[in-house]
Structure formats: C-alpha cells, structure tokens
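Hi,

Here is the structure I promised to pass on.

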Amino acid sequence: TGAELDAHVVVRRRDFGLHAQLHVGAGEVVALMGPSGAGKSTLLSAIAGLTRLSGGHVRIGGHEVASAARHAHLRPALRGAVLLGQNARLLPHLSARENVAFGLRARGVSRKLAVAEADDWLWRVGLPGSGDHTPAELSGGQQQRIAVARALATAPRVLLLDEPLTALDPETAADVRAMLHE
C-alpha cells in the first residue's frame, strides 16, 4: 500500500460470516492466505467498497471510507483503493487504450494526457502497439495485462490483488510481478 490501511471488517451473509482485522502500514505488502471459502476475496471486496460492511470500519490513509456504526460507505471510485482480480473486467466497447485511460478520465485528467499515460502503461505491461484493439481481439493474458495497466495508471493508494496473475504464462507473470513490486 502507499497509504496506511486499517480495517475491521465484519460481513454477515445467510450461510457465511467474516470477521477480520487488518492493519497495514504505508509501503507494506501483506499476503492473505487460507483455504477456498475462507473469506479472502470478501475481505478485499469490502476494503475496496464493493461489499458493504455488516460491522466494523475501513480507514485508508487515516480517512474513514466505511463505517457500519455510522452507516458510512464511500463509493469505491473515491476510496483510493483498486481491487484487481482474476477477471480483467474490461469494458468491451472500449479499446485497450481507452480502458486504461478510463480511470484517469473519471478523475478529471484531460483526454490528451490520459491517452499518453495509457500508452505508457501499455508499454510497461509489454503491450506497446495494442492500444487500438478491443478486448475481444486480445488473448486472456493480454486482457489481464491491460487490467493491470488500468489499475496502476490511477496511482491507487491501496492496491488489492486477488490472484490477478493466474491467467498469465509464467514468464509474463514474473514480469508483471516485478513491475508491481517496483
């Protein structure tokens, strides 16, 4: 994370309950491990704001972005946290370049600067020259690298990774892992 993360996440569903506490200092990297169904993805989804809390709170950089007690829930786009999962979730009607530029444009970056940044990120993930292609014209691994570029282009304060490299071949995964580390 680039910002301190303090989370006390309680999520209750009919047949599932999650109660987890997590404190991650700025610049720290934490790995969550556990069996399938343990709640790892639910925890990340709650931090990102995609799942509402039943109890607890989420603070990013000292700012409360969710609180069950206060019924506060800041929209995911405003939290400064990005969740990157196994599914690229690209917008099918946009080109690779437009998908990467999407988050920047949503934050008010000019089209010209967003396009230049998008092209830079496409180069960084090993896809120079692919900007005009739609997701349907790209392999699953290429789509996932575009999703990584889109996530990083927005310079999130907290980057949440839920197995985003599983669709990549080992060599590409190693390259993307090194870029994420950097």
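**What I found**

Strands β1 (residues 5-13) and β2 (residues 16-24) pair antiparallel, with nine bridges between them. Keep in mind as you read that this is a predicted model. The link from β1 to β2 is a hairpin of two residues, and within the pairing Val-9 has Ala-20 of β2 as its bridge partner.

β1 also pairs with β3 (residues 55-60), again antiparallel, through six bridges. Here His-8 is bridged to His-57 in β3.

Now for the helices. The axes of α2 (residues 96-106) and α3 (residues 111-124) come within 8 Å and cross at roughly 125 degrees.

Which residues of α2 and α3 meet? On the α2 side they are Ala-96, Arg-97, Val-100, Ala-101, Leu-104 and Arg-105. Facing them from α3 are Arg-111, Ala-114, Val-115, Glu-117, Ala-118, Asp-119, Trp-121 and Leu-122. By type, the contact between α2 and α3 has nine nonpolar residues, five charged and no polar ones.

As for burial in α2, the list is Ala-96, Arg-97, Asn-99, Val-100, Ala-101, Gly-103 and Leu-104. The buried residues of α2 pack against both α3 and α4 (140-153).

Cheers

How values were computed:
Residues are numbered from 1 along each chain as its sequence is written. This is a predicted model: local features need pLDDT of at least 70, side-chain atom pairs count only at pLDDT 80 or more; totals for chains, interfaces and linings use all residues. Side-chain values use heavy atoms; hydrogens and water are left out. Axes are lines fitted to C-alpha atoms, for helices over the stretch in contact, and angles run from 0 to 180 degrees between N-to-C directions. Helices (H or I, at least four residues) and strands (E, at least two) are DSSP runs, numbered from the N terminus. Contact means heavy atoms within 4.5 Å. Ala, Val, Leu, Ile, Met, Phe, Trp, Tyr, Cys and Pro count as nonpolar, Asp, Glu, Lys and Arg as charged, and the others, Gly among them, as polar. Buried means under 20% relative accessible area, exposed over 50%, partly exposed in between (1.4 Å probe, protein chains only). Two strands pair if DSSP finds at least two bridges between them.
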